[in-house]
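Subject: Structure handover

Hello,

Here is the structure for you to look at. My notes on what was found follow below it.

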Amino acid sequence: MQSLEQAIACGEVRLQKGRVDPTLWMTVDKPNGEMRLTYVRLEASKVVALVMAIACDPYESKPCFNLGYAVAEPCRRKGYAKEIVKSAIAEMKTGFGGAGIVEFYVEAIVGEDNLASIRVAEQVISTSFNSKPDGFTGVPIRQYLLRVAGDTVIHTPK
């Protein structure tokens, strides 16, 4: 989060105000050629919370985005993660809808030992999950999946 703050301060990253949530800021880039949407909540030019959405393999022939989220340590346990994940999904829905994408999925991959992120995923994405070992590390993970379609948000087990 500190490197993002520095990049914003130096003008390397340009932020746009959210359309749905004016307290949310976003930027789009393509590291390694893959689209990444970054959503941040700022307080006095400090990143308080962020969500990164990276395009991943389609699910059921629909676009799918892996969500990663984080909250600055002094701001944890105040509901920021849940709020920013909800706002990011709403912004994605609005932005994609304007581009003609009316249905997509978001997923969260969370380590079995990351209880705070599990709570967020179960409150915002789905109470259902798929347990499996991470494909790279073998560490146990949970995969949560959410279908976003029009005005409907459907919590989907994968």
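Does Phe 96 count as buried or exposed? At 10% relative accessibility, Phe 96 counts as buried; buried means under 20% relative accessible area, exposed over 50% and partly exposed in between, with a 1.4 Å probe and protein chains only.

Before the rest, some notes on the source. This is a predicted model, in which local features need pLDDT of at least 70 and side-chain atom pairs count only at pLDDT 80 or more, while totals for chains, interfaces and linings use all residues. Residues are numbered from 1 along each chain as its sequence is written, and side-chain values use heavy atoms, with hydrogens and water left out.

Overall fold

The chain has 3 helices and 9 strands; these are DSSP runs numbered from the N terminus, with helices being H or I of at least four residues and strands E of at least two. In sequence order the pattern is α-β-β-β-β-β-α-β-α-β-β-β. The C-alpha trace spans about 40 × 35 × 30 Å along its principal axes. The radius of gyration is 15 Å, which agrees with the value near 15 Å for a compact globule of 158 residues; it is taken over C-alpha atoms, and the globule rule is 2.2 Å times the number of residues to the power 0.38. Of the 158 residues, 39% are buried.

Cores

The largest nonpolar core has 33 residues, and those with the most contacts inside it are Leu 67, Val 85 and Met 92. Such a core is a set of buried Ala, Val, Leu, Ile, Met, Phe, Trp, Tyr and Cys residues joined through side-chain atoms within 4.5 Å. Helix α2 (80-98) is among the elements that give two or more residues to this core, and α2 gives the most, with 8 residues. Val 85 is in contact (heavy atoms within 4.5 Å) with Val 51, Leu 67, Tyr 69, Val 120 and Val 124, leaving aside its neighbours within four places in sequence. A second, separate core of 6 residues includes Leu 4, Val 40, Val 47 and Leu 50.

Phe 96 is also found in α2. With neighbours within four places in sequence left aside, Phe 96 is in contact with Met 35, Leu 37, Phe 65, Ile 101 and Phe 104. Phe 96 and Met 35 are 61 residues apart along the chain, and their C-alpha atoms are separated by 13 Å.

Helix α1

In α1, Leu 4, Glu 5 and Ala 7 are buried. Seen down the axis of α1, the buried residues fall within an arc of 165°, so they line one face of the helix; the arc is that of the directions from the helix axis to the C-beta atoms. These buried residues pack against β3 and β4. On the other side of α1, Gln 2, Ser 3, Gln 6 and Ala 9 are exposed.

Glu 5 is buried, with a relative accessible area of 17%. The side chain of Glu 5 reaches the backbone nitrogen of Val 47 at 2.7 Å. Beyond its neighbours within four places in sequence, Glu 5 is in contact with Ser 45, Lys 46 and Val 47. Just after α1, Gly 11 takes a positive phi of about 80°.

Strands β7 and β8

Strands β7 (residues 130-133) and β8 run antiparallel and are joined by 4 bridges; two strands pair if DSSP finds at least two bridges between them. Asn 130 has Gln 143 in β8 as its bridge partner. Their hairpin has 6 residues between the strands, and Gly 138 takes a positive phi near 80° there.

Regards

Terms used:
A polar contact is a pair of N or O atoms within 3.5 Å; within protein, one must be able to donate a hydrogen and the other to accept it, and residues adjacent in sequence count only if both atoms are side-chain atoms.
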